[in-house]
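Subject: Structure handover

Hello,

Here is the structure I said I would pass on. My notes follow below it.

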Amino acid sequence: MHRIFIVGGGGKIGRLLCAELVRRDQQPIAMHRNPAQADELRALGAIPVRGDLLTLSSSGLAELMAGCDAVVFTAGAGGKGGEAMTNAIDGDGLELAVAAAREAGIRRFLLVSAFPEAGRRKLVSPTFENYLRVKKLADVHLASTDLDWIILRPGTLTDHPGSGLIDSGPALPYSTISRADVALTLAELITGPRLSRVIIELTQGGTPVKESLQALLAH
Ligand SMILES: NC(=O)c1ccc[n+]([C@@H]2O[C@H](COP(=O)([O-])OP(=O)(O)OC[C@H]3O[C@@H](n4cnc5c(N)ncnc54)[C@H](OP(=O)(O)O)[C@@H]3O)[C@@H](O)[C@H]2O)c1
């Protein structure tokens, strides 16, 4: 059983990922801010750990991560708090988590990023434009490290039930995907055949998750 530390463990993808990891006999450690989420996370089979990216130091976060085998970063400001909060969570927060993983000696690091084209042909707000900029810079930061990283770029997220069917690859046309299938893909990346140091774009599609990721190994 591996211990998987989830930054954003109380979020929508985070909770779905906790449940999926438990189904696969893995132990999720779910970092969350709101104390009221602890019971729900425990009921999912996760170990809840309180932590706030705005106040933790990298060594404080490294202590919370100690003994884990992989880190998943799926935290995000979600547009709340304007550009400053996106910069602080999706940008600086990712850099903090990367530094903490290195301090804790954890090499495996999976980042939930976003499709850079998500705003194409739309009149997007300055906040959303900044969000895409920060997400891309977070990818740049992680990709420049020597960690055993994976950057997952899902299309626009929906709350539809998981279909288990995706398209995944280094470059895909922009589309949507359910959070449930993002969680399934993350769990498969953690427990399945080892992809490393790749950027994977992800949309709803026609191929079972396992098969779709297996095909990437062959590239
Ligand atoms: N929405 C889309 O269409 C889309 C598309 C592609 C990628 N994404 C990315 O997917 C990821 C997860 O999406 P989701 O739907 O699961 O979002 P979500 O439900 O909003 O989850 C994000 C989590 O981040 C946590 N967080 C925010 N600030 C934090 C802080 N200071 N310290 C620690 N945790 C903090 C939130 O905790 P609180 O509840 O306490 O704030 C929340 O649990 C995000 O990174 C997002 O950018 C989204």
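How much space lies in the largest pocket? About 1,200 Å³. A pocket here is an open set of points on a 1 Å grid over the protein atoms alone, where a 1.4 Å probe fits, with protein on both sides within 12 Å along at least five of seven lines; lining residues have an atom within 4 Å of a point. The volume is the space filled by probe spheres set on the points, which are joined across faces, edges and corners.

This is a predicted model: local features need pLDDT of at least 70, side-chain atom pairs count only at pLDDT 80 or more, and totals for chains, interfaces and linings use all residues. Residues are numbered from 1 along each chain as its sequence is written, and side-chain values use heavy atoms, with hydrogens and water left out.

The pocket lining consists of 42 residues, with T74, A75, G76, A77 and G78 nearest the centre.

The ligand sits in this largest pocket (more than half of its atoms lie within 2 Å of the grid points). Around the ligand are 25 residues (a heavy atom within 4 Å), and I13, R33, D52, Y131 and R179 come nearest.

Polar contacts (pairs of N or O atoms within 3.5 Å):
- K12: a polar backbone atom is 2.8 Å from a ligand oxygen.
- D52: a polar side-chain atom is 2.8 Å from a ligand nitrogen.
- R179: a side-chain N or O atom is 2.6 Å from a ligand oxygen.

On its own the ligand has 920 Å² of accessible area, of which the protein covers 81% (Shrake-Rupley method, 1.4 Å probe).

Regards

Methods. A polar contact is a pair of N or O atoms within 3.5 Å; within protein, one must be able to donate a hydrogen and the other to accept it, and residues adjacent in sequence count only if both atoms are side-chain atoms.
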